[in-house]
Amino acid sequence: MSNQRKVWYENTAPKLDPGLVEQLRSFPKANLKSTKRDEIPIILYLKKNCQQDKKDDLLKICNMDSPNKLSKGLPSINGVKGHLTPDKIKQIKDHEAVDRIFYDRIVTSYLDIACEQIGAIQVREQLGLTGKGISIAVIDTGVHPHEDLVQPSNRIIAFHDFINGKEEPYDDNGHGTHCAGNAAGNGSLSSGKYTGPASEASIIGLKVLDNQGGGRLSTIIEGLEWCMEHKEEHHIRIVSLSLGAPAYESFRDDPLCLAAQVAWHQGIVVCAAAGNSGPDQTTISTPAIDPFIITVGSTDDHNTLDREDDQIADYSSRGPTIDSFVKPDIYAPGTNIVSLLAPGSSIESELPEVIRDEHYIELSGTSMATPICAGVIALMLEANPNLSPNDVKSILKATAHPTLGDIWGYMDAERAVEMAKNHRLHSSTKVVQEW
């Protein structure tokens, strides 16, 4: 029988999340003291109803010696982010103010016929809906002021840079600009060829990922909190998250899921990419594992208008989620999507072979499908501004075509917008009858 004692972090569940334990395992057992290179980025949940003096004591302990630091609060999840050494984590894990400690994981960024294929062009032509008056927040690598977004009028109504602190819109990676075009490009430089579903919707660009498309969970949470804080000012109705990280824990504990849920319950429709880890099952990323928000999978339309040859893209992540929920909720085109190019961006230099017509670039992924879904939702909300996030999700799923061999199905913009309009009529009738 072995008498070997476990290392302290092996006996800390549920105080430390599995991702943090894995990080701690990477340190030599004899070298867990504080050095600069030992800093681990963390998110710390504070105990509910914890007294302020306990919180102050925790901050004092964590900030008393370099390189340890607890910095900015994350109020939507009753947390705080920072950098702590293994030695400091061990010291404070049982503090009266500490509920749980998470590893602040790395998050990565995951239109030719697409709009016509899902019926968005028909909605525009027959119903005159373009997403006008609806604001979509693209939380990503930033947004370049491409002509398709700023002509004939500038529809980038707000921009916030969490990475470099710049004030003017820009995108040094290119992913966010492509996503913004998927949702709301108007085809200005392509004579209308490459357009998003909501060609007159407003765009809010939030840069939470760097020039290589990477960031931290805590920064994405800050982006979501910014949207909640500025919801009324900018009329933010939709958030598009074409990003994610591996899901290790239930949505009930996952920091990014919890923040996304708060936004959802405050009336913001949150769309998240399922991830690009298919075709294996149980590969849905966070925050897409959350059962409240809308998780978007990707199809391959084989560049044809006929849906008969469409299929779920091999790369599109599959459910069930870590909590055994059925996901994705909806599928949209995401393969070989042509959208806006950000000049001078990393994507432009790395993928010159997929640049199209000088001002556009062709990309694939659930990252592309997600803002296309967000654009269709903007049409639904223009048709009926009174829809709640739950209404939107229910309508999308109810009107989708079950043609892909999955539980839900393929987005149909025409049917979704029509049901959104009828929802308003039924609601009005009900009010009259009750009165």
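Strands β2 and β3 (residues 79–84) run antiparallel and are joined by four bridges; two strands pair if DSSP finds at least two bridges between them. Helices (H or I, at least four residues) and strands (E, at least two) are DSSP runs, numbered from the N terminus. The model is predicted: local features need pLDDT of at least 70, side-chain atom pairs count only at pLDDT 80 or more, and totals for chains, interfaces and linings use all residues. Residues are numbered from 1 along each chain as its sequence is written, and side-chain values use heavy atoms, with hydrogens and water left out.

Within this pair, K69 has H83 of β3 as its bridge partner, and L70 stands opposite G82 in β3. The hairpin of β2 and β3 has four residues between the strands, and N78 there takes a positive phi near 55°. N78 is not a glycine, yet has this positive phi of about 55°.

**The four-stranded sheet**

The two strands belong to an open sheet of four strands in the order β2-β3-β1-β4, with antiparallel pairing. Strands β2 (69–74) and β4 (98–103) are at the edges with a single partner strand each, so one side of each has no neighbour in the sheet. From one strand to the next, the twist averages 25°. Axes are lines fitted to C-alpha atoms, for helices over the stretch in contact, and angles run from 0 to 180 degrees between N-to-C directions.

Helix α2 (residues 52–63) packs on this sheet and touches β1 (40–46), β2, β3 and β4, where contact means heavy atoms within 4.5 Å. The direction of α2 makes about 140° with that of β2. Helix α8 (residues 217–229) also lies across β1, β2, β3 and β4, and runs at about 30° to β2.

**The three-stranded sheet**

A further open sheet has three strands in the order β16-β18-β17, with antiparallel pairing. Its edges are β16 (337–340) and β17 (355–356); each has a single partner strand, so one side of each is without a neighbour in the sheet. Four bridges connect β16 with strand β18 (residues 360–363) in the antiparallel sense, and L340 stands opposite Y360 in β18. Helix α7 packs on the sheet, touching β16 and β18, with its direction at about 105° to that of β16.

**Helix packing**

Two packed helices are described by the angle between their axes and the distance between the axes. The table gives these values for three pairs.

| Helix pair | Axes come within | Crossing angle |
|---|---|---|
| α7 (residues 175–184) and α12 (residues 366–383) | 7 Å | roughly 40° |
| α12 and α13 (residues 389–399) | 11 Å | roughly 110° |
| α8 and α10 (residues 255–265) | 9 Å | roughly 5° |

The crossing of α7 and α12 is right-handed. A crossing is left-handed if the near helix is turned anticlockwise from the far one by less than a right angle, and right-handed if clockwise. From α7, the contact uses H175, H178, C179, N182 and A183, and from α12 it uses S367, M368, P371, I372 and G375. These residues comprise five nonpolar, five polar and no charged. Here Ala, Val, Leu, Ile, Met, Phe, Trp, Tyr, Cys and Pro count as nonpolar, Asp, Glu, Lys and Arg as charged, and the others, Gly among them, as polar.

Helices α12 and α13 are therefore roughly perpendicular to each other. Angles under 35 degrees count as roughly parallel, over 145 as roughly antiparallel, 65 to 115 as roughly perpendicular and the rest as oblique. The crossing of α12 and α13 is right-handed. In α12, C373, V376, I377, M380 and L381 meet V392, I395 and L396 of α13. This contact has eight nonpolar residues, no polar and no charged.

Helices α8 and α10 are therefore roughly parallel to each other. L217, I220, I221, L224 and M228 of α8 make the contact with P255, L256, A259, A260, V262 and A263 of α10. The residues of the α8 and α10 contact are eleven nonpolar, no polar and no charged.

**Cis peptides and confidence**

S66 and P67 are joined by a cis peptide bond with omega about 10°, and P67 is in the loop between α2 and β2. K327 and P328 are also joined by a cis peptide bond, with omega about 0°. P328 lies in the loop between β14 (311–312) and β15 (330–333).

The chain has a mean pLDDT of 89, with 89% of its residues at 70 or more; pLDDT is the predictor's confidence in each residue, from 0 to 100.
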